[in-house]
Structures are given as C-alpha cells and as structure tokens.
Amino acid sequence: MLKNSWKLENQRNTLCYQRLVWWGDGSIEQREAKARYFNISRSFLTENFDELMNGEG
C-alpha cells in the first residue's frame with residue numbers, strides 16, 4: 001500500500017528480527033522476519049492528511 005498509493009520508497013536499513021508464530025494446533029515457532037522503514041516528511045503528512053491532523057476529519 002505504501003509503495004503503490006503513496007509512492008514511498010523503503011529505506012536501505014531493512015532489519016531482520018526474530019518473531020514468534022502461534023499455529024492453529026497450539027504450537028509456537030520462532031521465525032526470522034524483516035522490518036522495513038520509510039521516511040515520511042511533515043510536509044507529506046500536511047499535504048495528504050491536514051484535516052485529520054487538525055481534528056477536522
């Protein structure tokens with residue numbers, strides 16, 4: 001959604017971390033996952049969400 005709708009590019013600082021997954025049978029598994037970071041400027045938020053930020057939405 002962020003890439004397509006807002007045309008944001010994720011940063012190069014993608015980080016790997018360990019997460020726990022609970023399966024339907026009650027078992028738990030540790031898996032590697034990635035977190036992606038995006039830079040969003042204040043001007044972008046003001047231009048796209050000004051009404052929400054000012055309590056008008």
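Biologist: Is Arg31 partly exposed or buried, and what is its relative accessible area?

Modeller: This is a predicted model, in which local features need pLDDT of at least 70 and side-chain atom pairs count only at pLDDT 80 or more, while totals for chains, interfaces and linings use all residues. Residues are numbered from 1 along each chain as its sequence is written, and side-chain values use heavy atoms, without hydrogens or water. Buried means under 20% relative accessible area, exposed over 50%, and partly exposed in between (1.4 Å probe, protein chains only). Arg31 is partly exposed, its relative accessible area being 36%.

Biologist: With which residue does Glu29 form a salt bridge?

Modeller: A salt bridge requires a side-chain nitrogen of Lys or Arg within 4 Å of a carboxyl oxygen of Asp or Glu. Glu29 is partly exposed at 32% relative accessibility. With the closest N and O atoms 3.2 Å apart, the partner of Glu29 is Arg31.

Biologist: How many bridges join strand S1 to strand S2?

Modeller: Strands are DSSP runs (E, at least two residues), numbered from the N terminus, and two of them pair if DSSP finds at least two bridges between them. S1 (residues 15–22) and S2 (residues 28–35) run antiparallel, and Tyr17 stands opposite Ala33 in S2. The number of bridges joining S1 to S2 is eight.

Biologist: Which residue in the turn of the hairpin has a positive phi?

Modeller: S1 and S2 form this hairpin, with five residues between them. The phi in question is about 95 degrees, and the residue is Gly26.

Terms used. Helices (H or I, at least four residues) and strands (E, at least two) are DSSP runs, numbered from the N terminus.
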